[in-house]
Amino acid sequence: MQGILNDAIIDILSSIEEGVHVVNENGITLVYNKAMEEIEGLSESLVVGKHLMDVYPEWTRETSTLLTVLSTGVPIIDQEQLYINFKGQKITTINSTYPIYREGQLVGAVEISKNHTHVSKMSEK
C-alpha cells in the first residue's frame, strides 16, 4: 500500500500547475516538482540534494519564504517573492510556505508557488 501511495503522490506533484519545493530542517531540497522547474528554469537534478543557499546564493532569511519559515516555524501565506534565476531572468511568484512538524519538531518546510512572472511583466509595460 505504501508504494501505491508514494506513486500517487509523485504523479500528483508531477501534474499540478503549482510549483512545489520541499526542504528538510537544514535547508536541503528533498522535492522539486516539474512546475517548479518551469517557473524557475532549473532542473530537478540541479536542485534536489543541495542546500538552498548553494542554488540561490542571493537569498536571505528576509527574501526567501522557505528560509524564513525554517527559522521561525510560522507559515507564510500568499507572499510575493521576486528574484533572478541562474539565467538572469526575473521571476515573480506568489508563495504559501508551511513548516513541517513531526512529533513537535520542525523537520522541514514546503512551499507552494504560483507563477506570476507574466502578470508582473504585463504590469511593467
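Residues are classed by relative accessible area: buried means under 20%, exposed over 50%, and partly exposed in between (1.4 Å probe, protein chains only). The structure is a predicted model, in which local features need pLDDT of at least 70 and side-chain atom pairs count only at pLDDT 80 or more, while totals for chains, interfaces and linings use all residues. Residues are numbered from 1 along each chain as its sequence is written, and side-chain values use heavy atoms, with hydrogens and water left out.

The chain holds six helices and five strands. Both are DSSP runs numbered from the N terminus (helices: H or I, at least four residues; strands: E, at least two). Their order from the N terminus is α-β-β-α-α-α-α-β-β-β-α. Of the 125 residues, 38% are buried. Contacts are heavy atoms within 4.5 Å. Among contacts in the chain with a separation of 6 or more, 39% join residues 24 or more positions apart. The accessible surface is about 7,500 Å² (Shrake-Rupley method, 1.4 Å probe; for residues, only the protein chains shown count as cover). Carbon and sulfur atoms contribute 56% of that surface.

Helix α5 spans residues 65–72. Six of its eight residues are buried, so α5 is largely enclosed by the rest of the structure. The buried residues are T65, L66, L67, T68, V69 and L70. They pack against β1 (19–24), α4, β3, β4 (90–102) and β5 (105–115). Just after α5, G73 adopts a positive phi of about 75 degrees.

S64 lies in the loop between α4 (52–55) and α5. It counts as buried because its relative accessibility is 1%. At the start of α5, a side-chain oxygen of S64 comes within 3.4 Å of the backbone nitrogen of L66. This pair is judged as a polar contact (N or O atoms within 3.5 Å; within protein, one must be able to donate a hydrogen and the other to accept it, and residues adjacent in sequence count only if both atoms are side-chain atoms). Leaving aside neighbours within four places in sequence, S64 is in contact with W59 and Q81.

W59 also belongs to an aromatic group. Rings of Phe, Tyr and Trp (its six-membered ring) pair if their centres lie within 6.5 Å; planes under 30 degrees apart count as stacked, over 60 as edge-to-face and the rest as tilted. The whole structure contains three aromatic pairs. One of them, Y56 with W59, is stacked, at 3.9 Å centre to centre and 5 degrees between the planes. Both Y56 and W59 are buried. The rings of W59 and Y83 have centres 5.6 Å apart and planes at 90 degrees, so this pair is edge-to-face. The W59–Y83 pair links distant parts of the chain. W59 sits in the loop between α4 and α5, and Y83 in strand β3 (residues 76–84), 24 residues away. Y83 is buried, as is W59. Together, Y56, W59 and Y83 make up one aromatic cluster.

The count of salt bridges is one (a side-chain nitrogen of Lys or Arg within 4 Å of a carboxyl oxygen of Asp or Glu). K34 and E37 form this bridge, with an N to O distance of 3.7 Å. Both residues lie in helix α2 (residues 34–40), three residues apart, or about one turn of the helix. An α-helix has 3.6 residues a turn, so residues three or four places apart point the same way. K34 counts as partly exposed because its relative accessibility is 47%. E37 is buried, with a relative accessible area of 18%.
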